[in-house]
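Hello,

Here is the structure I said I would pass on. My notes on it follow below.

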Amino acid sequence: MTGIEELLLSRIRDVADYPEPGVMFKDITPLLADPAAFSALTDALAEIADRSGATKVVGLEARGFILGAPVAIRAGLGFIPIRKAGKLPGATLGQTYELEYGSAEIEVHAEDLSDDDRILIIDDVLATGGTAEASIQLIRRAGAEVAGLAVLMELGFLSGRARLEPALGEAPLDALLVV
């Protein structure tokens, strides 16, 4: 285990039975509260952004905003939020996707993306991959290229990576931690 992995893991708190019985929630708020750990996380993700050749960073609602915005600043890139449907003003482009029970929709301001853009998608956790897969589809529908997906933590037992690999194609999936 590397030094950054140890630092990040030491600042992630397990919360049993949240949000429902049987779930072990990975709480990143202690990591965000520690300026050294948050800065190290931002540096590691900004390095991925540089390596990917991204021109912009997309953050997925809501913790992807917290991680993605400082990465965009650190890497000298623009930041674009992908939000739940109905949260962005003006004209949007939406993508519906299936959840375990029902469906959901995410949206982006399409004018914020162009066919010259290479987008690094950032989120806190890769679980089943549904939201990330929908964001990949949405970015491509807006005309931009997906440069990669970077997450703080991948929950390996939920097989999100296997779901996303066909959607990502040649674009890399980087997880700083796999639990």
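In these notes, contact means heavy atoms within 4.5 Å. The model is a predicted one.

In that sense, helix H6 lies across E5, E7, E8 and E9, and runs at about 170° to E8. Those strands belong to an open sheet of seven strands with mixed pairing, in the order E5-E6-E4-E3-E7-E8-E9. E5 and strand E9 (173–178) are the edge strands, each pairing on one side only. Ignoring direction, neighbouring strands of the sheet are turned by 20° against each other on average. Within the sheet, E4 and strand E6 (residues 103–108) pair in the antiparallel sense over two bridges, and Lys84 stands opposite Ile106 in E6.

H6 (residues 160–168) also packs against helix H5 (residues 130–141), at an angle of about 10° and with the axes 9 Å apart. Angles under 35 degrees count as roughly parallel, and the two helices are therefore roughly parallel to each other. H5 contributes Gly130, Ala132, Glu133, Ile136 and Arg140 to the contact, and H6 contributes Arg163, Leu164, Ala167 and Leu168. By type, these residues are five nonpolar, one polar and three charged.

The largest pocket holds about 1300 Å³ of space. It is lined by 36 residues, of which Arg63, Val125, Ala127, Thr128 and Thr131 are the closest to its centre. The lining divides into 22 nonpolar, four polar and ten charged residues. H5 is among the elements that give two or more residues to the lining, as are strand E2 (24–27) and strand E8 (145–154). E7 gives the most, with four residues.

Regards

Note on methods. Residues are numbered from 1 along each chain as its sequence is written. This is a predicted model: local features need pLDDT of at least 70, side-chain atom pairs count only at pLDDT 80 or more; totals for chains, interfaces and linings use all residues. Side-chain values use heavy atoms; hydrogens and water are left out. Axes are lines fitted to C-alpha atoms, for helices over the stretch in contact, and angles run from 0 to 180 degrees between N-to-C directions. Angles under 35 degrees count as roughly parallel, over 145 as roughly antiparallel, 65 to 115 as roughly perpendicular and the rest as oblique. Ala, Val, Leu, Ile, Met, Phe, Trp, Tyr, Cys and Pro count as nonpolar, Asp, Glu, Lys and Arg as charged, and the others, Gly among them, as polar. On a 1 Å grid over the protein atoms alone, a cavity is a set of points where a 1.4 Å probe fits but cannot get out, and a pocket is an open set with protein on both sides within 12 Å along at least five of seven lines; lining residues have an atom within 4 Å of a point. Grid points are joined across faces, edges and corners, and a volume is the space filled by probe spheres set on the points. Two strands pair if DSSP finds at least two bridges between them.
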